[in-house]
Amino acid sequence: MKKVAFFPGGSSGIGLGCLEKLLNNKEDDWIIFVACRDTDRADVNLVSLNVDYEKLKNVFVIRMDVTNPSQVTKAIEEIKNKGFELDLLLYSAGRGFAGSVEKTSIEELTEQFDVNFFGFHRVIREVMPLLKKGACIVPIISLAALVPLLFQFAYCASKAALFMYTWILRMELKNRFRVSGIVPGDIKGKIKRGNKKNPSFTDARLKAKKEDWENEESSKILKKIEEDEDNGAACEKVADVLLKILHSKNPRPFYMVGKPLQVFLVWLSKLISLFSYGLVERLVAGKHWASIAKKSITETKKSAA
Ligand SMILES: NC(=O)c1ccc[n+]([C@@H]2O[C@H](COP(=O)([O-])OP(=O)(O)OC[C@H]3O[C@@H](n4cnc5c(N)ncnc54)[C@H](OP(=O)(O)O)[C@@H]3O)[C@@H](O)[C@H]2O)c1
């Protein structure tokens with residue numbers, strides 16, 4: 001029997017990688033509903049995958065902005081009207097936002113939460129009646145939920161909220177569905193990004209405050225974020241974890257995935273934070289921290305004088 005999945009954010013990056021994995025999986029035949037805003041881009045990305053044309057016929061692209069409640073309702077109705085029930089919801093719709101706490105407006109912060117956090121809640125509430133008993137609900141979270149990243153407070157906070165949401169959702173739905181969050185570090189997508197057709201996750205941080213970019217420290221840090229993503233782990237790693245969740249009767253609440261050193265450092269910082277938050281700050285911000293700390297001491301001295 002065919003299995004059915006709903007992939008908000010499945011048109012690019014991690015979601016697209018997971019889609020390729022499921023379609024090429026020998027054990028099950030999957031029908032996948034991909035939902036995103038730019039459906040033309042989705043079509044182009046789908047045909048570039050290493051997947052049999054016949055299998056691609058089982059993929060349907062729906063236009064849906066997760067920040068738009070009526071589009072979410074409509075997308076799920078479309079699946080329902082086709083007579084399908086779902087075995088899997090993979091939520092990888094997301095955007096990045098970079099900018100300092102000081103320069104970020106409430107509107108920008110709200111936009112960030114709207115996609116990464118409220119969007120998931122909108123989808124969950126609508127999709128629930130369509131999920132089969134025992135179906136998997138898998139949001140893509142981020143290691144940024146667990147460690148503080150300079151100039152990415154909005155992103156980190158939205159992912160931290162999603163982390164806790166996922167945990168509680170899992171407890172509430174324990175007897176009906178299998179809820180398991182994937183918590184990736186830096187991941188390289190399937191398609192080369194960073195151009196007009198395929199904006200990179202960092203391009204989605206366009207709203208990053210110009211003043212912040214022009215500040216020497218923040219521009220260095222944002223450049224580093226971009227480099228880290230370009231050199232990230234292959235998105236097949238995330239897809240393998242998704243398969244593990246699907247095959248498990250009782251999957252773990254969370255699966256961290258990424259380059260081993262990065263995952264280890266996050267574990268280490270969680271452990272260290274039991275004793276010293278200051279040490280975690282130094283560990284996470286590296287050499288940038290030292291120069292920022294030095295600068296702020298100088299500024300404090302200046303204003304005191
Ligand atoms: N790549 C990484 O290093 C990494 C690491 C940790 C966590 N993550 C998380 O993994 C998820 C996917 O990241 P990615 O790197 O695969 O990013 P990506 O390649 O930019 O993919 C994002 C996906 O979300 C969709 N999307 C964005 N805004 C949307 C909206 N308002 N409504 C509906 N769909 C929307 C995009 O399609 P449209 O633009 O057409 O709507 C696209 O399909 C994100 O939640 C991200 O935070 C990524």
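Residues are numbered from 1 along each chain as its sequence is written. In this predicted model, local features need pLDDT of at least 70 and side-chain atom pairs count only at pLDDT 80 or more, whereas totals for chains, interfaces and linings use all residues. Helices (H or I, at least four residues) and strands (E, at least two) are DSSP runs, numbered from the N terminus.

Strands of a sheet pair through backbone hydrogen bonds, either parallel or antiparallel. Here, six strands form an open sheet with parallel pairing, in the order β3-β2-β1-β4-β5-β6, where two strands are taken to pair if DSSP finds at least two bridges between them. The edges are formed by β3 (59-63) and β6 (178-179), each of which pairs on one side only. Strand β5 (residues 131-139) is joined to β6 in the parallel sense over two bridges, and Cys136 stands opposite Arg178 in β6.

Helix α9 (residues 236-247) lies across β4 (86-91) and β5, and runs at about 155° to β5; for such values, axes are lines fitted to C-alpha atoms, for helices over the stretch in contact, and angles run from 0 to 180 degrees between N-to-C directions. Helix α1 (residues 13-24) packs against α9 at an angle of about 55°, with the two axes 8 Å apart. That angle makes α1 oblique to α9, since angles under 35 degrees count as roughly parallel, over 145 as roughly antiparallel, 65 to 115 as roughly perpendicular and the rest as oblique. The crossing of α1 and α9 is right-handed, a crossing being left-handed if the near helix is turned anticlockwise from the far one by less than a right angle, and right-handed if clockwise. In this contact (C-beta atoms, placed from the backbone, within 7 Å), Ile14, Gly17, Cys18 and Lys21 of α1 meet Glu236, Val238, Ala239, Leu242 and Leu243 of α9. By class, the contact of α1 with α9 has six nonpolar, one polar and two charged residues, where Ala, Val, Leu, Ile, Met, Phe, Trp, Tyr, Cys and Pro count as nonpolar, Asp, Glu, Lys and Arg as charged, and the others, Gly among them, as polar.

Helix α5 (106-127) takes part in two further helix pairs. The axes of helix α4 (residues 69-81) and α5 come within 10 Å and cross at roughly 35°, in a right-handed crossing. Pro69, Val72, Thr73 and Ile76 of α4 make this contact with Arg122, Val123, Glu126 and Val127 of α5, which amounts by class to five nonpolar, one polar and two charged residues. The axes of α5 and helix α6 (residues 153-172) come within 9 Å and cross at roughly 25°, which makes α5 roughly parallel to α6. The contact of α5 with α6 has nine nonpolar, three polar and two charged residues, including Phe113 and Phe117 of α5 and Leu162 and Tyr165 of α6.

The ligand is surrounded by 31 residues, of which Gly9, Gly13, Arg37, Asp38 and Gly94 are the closest; a residue is near a molecule if its C-beta atom, placed from the backbone, lies within 6 Å of it. The elements that give two or more residues to this shell are α1 and α5, and α1 gives the most, with three residues. By class, the shell has twelve nonpolar, twelve polar and seven charged residues.

How values were computed: Two residues are in contact if their C-beta atoms, placed from the backbone, lie within 7 Å.
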